[in-house]
Amino acid sequence: MRKTTKILFAILIVLLMAGLGQAKTLKLAMDADPVSLDPHVQLSGGMLQYSHMVFDPLVRWTKETTIEGRLAERWERLDEFTVRFYLKEGVKFHSGNELTADDVIWTVNRLKSSVDFKGIFEPFAAPVKVDMYTVDLVTKVPYPLLLNTATYIFPMDSKFYSGTDDRGMDKAAIVKTDYSFANENLSGTGKYRVTERQQGVKVIFDKFAGYWDTSSPGNVDQIILTPIKNAATRVAALLSGGVDFIMPVPPQDMDRIENADNVQLVTMSGTRIITLQLNQNRVDAFKDPKVRQAIVYAVNNAGIAEKLMKGRATVGAQNSPKGYLGHNPALTPRYDLNKAKQLMEEAGYPKGFEVSMIAPNNRYVNDEKIAEAAASMLGKIGIKVNLKTMPKAQYWDQFDAQVGDIQMIGWHSDTEDTGNFFEFLLMCPNKETGYGQYNSGNYCNSEVDRLTIAVQSETDQAKRIAMMQQMEQIAYDDAAFVPLHWQDLSWAGKKNLQIEPIVNVMDFPYFGDLVIE
Amino acid sequence: MIAFVIRRIIQAFIVIFIISVIGFAVKQSVGDPVREMTGISVSAEELQEFREKLGLNDPWYVQYVRFLGKAVQGDLGNSFFYKRPATDVILEKAPATLELVFVSSLIVILFSVPLGVFSAIRPNHFLSRFLMSGSIVGVSIPVFLTAIMMIYVFSVKLGWLPSFGRGELVMIGGWDSGLLTVDGWLHILMPSVALSSIMLPLFIRLIRAEMMEVLESEYIKFAWAKGLSNRRIWFVHAFKNTLLPVITVGGVQLGVTIAFTILTETVFQWQGLGFMFMEAVERSDSPLLVAYLMFVGIVMVVVNTIVDLIYGLVNPTIRISGASS
């Protein structure tokens with residue numbers, strides 16, 4: 001009897017100590033909190049970040065931009081239309097339900113009905129259930145980006161989200177501006193459950209006891225997310241110890257954080273290209289490739305990345321960042337003022353001309369300053385630029401109306417693939433197909449269109465790569481747009497956080513794997 | 001009295017009506033809420049359909065009439081971002097702002113009265129001179145700069161005070177209060193000082209100027225001649241009359257502060273009305289914007305009415321029109 005008591009006591013102490021040693025809380029400050037608990041209500045970085053915390057995708061991106069399995073243990077391509085996914089067995093949702101192929105099918109169908117996600121899932125046909133834990137994702141056309149797209153499939157608990165709630169409304173409804181069951185309730189497979197949420201004030205994530213991934217080194221049991229909108233306040237909160245981790249980090253404070261004793265800064269080259277589009281419908285001169293080239297030669301984008309961005313950006317000469325299949329290593333930045341002047345003369349505009357330009361002032365890092373710098377650089381080849389900047393809430397309507405001769409836009413490829421840039425930014429604008437939706441330069445090249453369509457269904461990787469690199473080459477030679485740079489991604493936290501292993505080029509730190517020493 | 005209040009209520013309705021019209025007329029140019037609620041790759045048709053569903057494609061007067069029809073039933077519409085009725089959101093955020101304004105008014109009253117009176121009684125004292133020159137500096141420094149400097153000194157460098165948020169809150173009957181915990185008080189200290197940094201110097205100067213003027217008046221001279229004690233003359237006879245203009249200005253300022261704590265709240269991530277307003281502008285959350293502007297209109301009218309009533313109490317020679325009947 002006494003012996004058993006002793007043993008029990010010892011076990012208790014060990015458990016307690018283990019508990020004390022492991023109960024780690026992460027105080028996290030981001031610029032905004034999730035707009036909803038429903039992951040399909042809006043396609044944005046913030047919502048995907050949230051999805052990675054409370055759900056798990058079938059597959060996800062690694063730091064090296066390769067794809068690793070999460071809820072899908074493995075997968076195989078059956079033919080050019082189909083990939084078979086084998087799900088992990090015994091994965092539990094927060095509600096206690098078990099993850100099955102039905103949940104995956106249900107989720108894909110819901111994604112196809114979401115305003116924000118239906119575009120990405122357009123190539124998908126209805127998924128096919130093979131057995132309890134096996135599901136075939138099928139596309140209508142041969143689709144090389146099936147796996148990339150599967151990173152957006154965070155299976156939802158179909159039993160939990162089916163039926164009607166106490167207001168008599170469909171639990172699965174996706175509602176942007178009003179109450180819905182999914183906006184306020186949650187059951188995912190993720191490491192964290194939302195235990196408390198005050199929109200705009202804070203969200204508390206607590207570890208889900210039944211989480212399947214026990215091999216993850218992550219030891220954070222609770223995450224307290226506080227949105228801190230003001231960048232200076234966010235940095236001060238980290239420096240004063242009020243929070244443990246902040247994202248994003250404003251460039252002007254990066255040096256300060258790097259030099260501080262108790263905090264660290266982690267940066268990584270990003271994938272969002274910042275560009276200027278030259279509207280050929282509004283300005284006749286822009287129809288001449290020589291004039292466009294002259295503008296590209298006149299804009300010192302390396303200087304902008306170095307001086308304005310303080311080296312926190314990677315200078316670009318094409319859409320695709322390094323690491324993308326379509327990245328063409330032969331294309332280099334081409335700032336050369338003399339060449340630019342010479343081209344202007346050849347094109348018949350030695351004295352230059354006057355154009356208007358619009359840019360947002362709170363959308364991209366230093367967007368307003370970048371626009372000002374570019375405008376003054378064009379002044380050197382005689383192009384007088386009348387620049388107007390505005391908040392992003394007003395910008396996109398103006399952008400769509402194409403009120404500026406030159407317009408700024410930054411683009412991140414949702415599929416992490418080169419084709420996406422061309423579909424939205426460089427294909428001939430076509431209202432019916434929706435291609436070239438953000439091509440306010442009205443650049444139109446049938447060869448680019450042909451290639452962009454072709455790579456959508458080219459499953460031979462080597463051929464795809466060659467075609468996409470050729471697309472970048474054509475856009476480069478045509479000076480279809482003015483590439484500036486890819487913004488760096490940045491995170492900062494206390495020194496005892498192992499930040500490096502959890503960050504990735506998607507800007508979704510995998511907090512489930514975070515180790516706090 | 002009742003006639004006065006009724007008149008004020010009618011005025012309030014007119015004010016709110018005008019504000020709502022203006023709010024509606026300008027909300028179109030704040031930006032496109034649909035763009036804020038969707039991912040960038042959503043097709044133009046989908047966006048258009050969504051706008052249609054929200055009724056944003058109609059001319060503004062059509063939208064206004066629809067809004068008015070619901071508003072008379074007490075429904076000011078749903079906030080796009082919060083996905084809840086705008087009035088609920090405003091009521092939920094109000095305690096944070098009211099507490100902030102309350103504490104900073106407390107600071108203003110506690111400091112401006114003794115300091116203002118002192119510098120009026122002893123205008124040549126070095127402390128008075130210091131206060132006068134100091135108050136110019138205080139008025140001239142923008143609130144956000146004061147706030148950022150305070151965060152830098154007291155949070156980052158010294159580590160004494162928390163830099164953001166409201167801290168631990170206690171819920172009493174729908175009112176989220178931070179004034180009942182030590183943590184809450186530590187959090188409210190810097191924001192309230194920052195907020196009072198403009199008002200405090202203003203009030204010190206105001207009280208000083210009024211007091212000096214009163215001290216020159218005939219009835220004070222008579223009191224001196226009568227041989228009353230210093231204390232009684234300064235703090236009873238002179239001070240009471242000094243208060244009149246102070247109350248007027250104070251009332252107006254109080255309303256302004258409740259309405260426009262935007263800068264302070266943004267810097268300290270203080271989850272009140274000012275912060276909410278700024279975010280609503282950025283997100284073009286137009287129902288919330290219009291509801292908030294109307295709320296501010298009501299606050300202004302209420303505060304001014306109360307000021308008028310207090311005015312009558314302090315100075316019996318002033319009669320509110322309609323009160324005698």
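## Close-up views of chains A and B in a predicted model

View 1. Where the two chains meet, 38 residues of chain B and 36 residues of chain A take part in the contact. On the side of chain B that touches chain A, the elements giving two or more residues are helix 2 (33–37), helix 3 (44–54), helix 7 (143–157), helix 11 (262–267) and helix 12 (273–283) of chain B. The largest share of this side of chain B is the five residues that come from helix 7 of chain B. Sorted by class, the side of chain B that touches chain A holds 17 nonpolar, 14 polar and seven charged residues.

**View 2. Helix 1 of chain B beside helix 13 of chain B.** Helix 1, which covers residues 2–30 of chain B, and helix 13, which covers residues 286–314 of chain B, have axes that come within 9 Å and cross at roughly 150 degrees. An angle over 145 degrees counts as roughly antiparallel, and helix 1 of chain B and helix 13 of chain B are therefore roughly antiparallel to each other. The crossing in which helix 1 of chain B passes helix 13 of chain B is right-handed. From helix 1 of chain B, the residues that make the contact are Arg8(B), Gln11(B), Ala12(B), Val15(B), Ile16(B), Ile19(B), Ser20(B), Gly23(B), Phe24(B), Lys27(B) and Val30(B). They meet Ser286(B), Leu289(B), Val290(B), Leu293(B), Met294(B), Gly297(B), Ile298(B), Val301(B) and Thr305(B) of helix 13 of chain B. By class, the residues of this contact between helix 1 and helix 13 of chain B are twelve nonpolar, six polar and two charged.

**View 3. Helix 1 of chain B with helix 4 of chain B.** Helix 1 of chain B also packs against helix 4 (residues 60–71) of chain B, at an angle of about 125 degrees and with the two axes 10 Å apart. Helix 1 of chain B and helix 4 of chain B are therefore oblique to each other, and their crossing is right-handed. In this contact Phe24(B), Ala25(B) and Gln28(B) of helix 1 of chain B meet Trp60(B), Gln63(B), Tyr64(B) and Phe67(B) of helix 4 of chain B. The contact of helix 1 with helix 4 of chain B consists of five nonpolar and two polar residues, with no charged residues. Phe24(B) is also among the residues through which helix 1 of chain B contacts helix 13 of chain B.

**View 4. Helix 5 of chain B crossing helix 6 of chain B.** The axes of helix 5 (residues 86–121) of chain B and helix 6 (residues 126–140) of chain B come within 9 Å and cross at roughly 120 degrees, which makes helix 5 of chain B oblique to helix 6 of chain B. The crossing of helix 5 and helix 6 of chain B is left-handed. Leu115(B), Phe118(B) and Ser119(B) of helix 5 of chain B are in contact with Ser128(B), Leu131(B) and Met132(B) of helix 6 of chain B. Of the residues in this contact between helix 5 and helix 6 of chain B, four are nonpolar, two are polar and none is charged.

**View 5. Domain 1 of chain A against domain 2 of chain A.** The domain assignment divides chain A into domain 1 (25–33 + 162–268 + 489–513), domain 2 (56–152) and domain 3 (269–488). The centres of domain 1 and domain 2 of chain A, taken over C-alpha atoms, are separated by 24 Å. Their contact takes 14 residues from domain 1 of chain A and 17 residues from domain 2 of chain A. On the side of domain 1 of chain A that touches domain 2 of chain A, seven residues are nonpolar, six are polar and one is charged.

View 6. Met247(A) and Pro248(A) are joined by a cis peptide bond, with omega about -10 degrees.

Notes. Residues are numbered from 1 along each chain as its sequence is written. Chains are lettered from A and ligands numbered from 1 in the order in which they are written. This is a predicted model: local features need pLDDT of at least 70, side-chain atom pairs count only at pLDDT 80 or more; totals for chains, interfaces and linings use all residues. Two residues are in contact if their C-beta atoms, placed from the backbone, lie within 7 Å. Helices (H or I, at least four residues) and strands (E, at least two) are DSSP runs, numbered from the N terminus. Ala, Val, Leu, Ile, Met, Phe, Trp, Tyr, Cys and Pro count as nonpolar, Asp, Glu, Lys and Arg as charged, and the others, Gly among them, as polar. Axes are lines fitted to C-alpha atoms, for helices over the stretch in contact, and angles run from 0 to 180 degrees between N-to-C directions. Angles under 35 degrees count as roughly parallel, over 145 as roughly antiparallel, 65 to 115 as roughly perpendicular and the rest as oblique. A crossing is left-handed if the near helix is turned anticlockwise from the far one by less than a right angle, and right-handed if clockwise. Domain bounds come from an automatic or database domain assignment.
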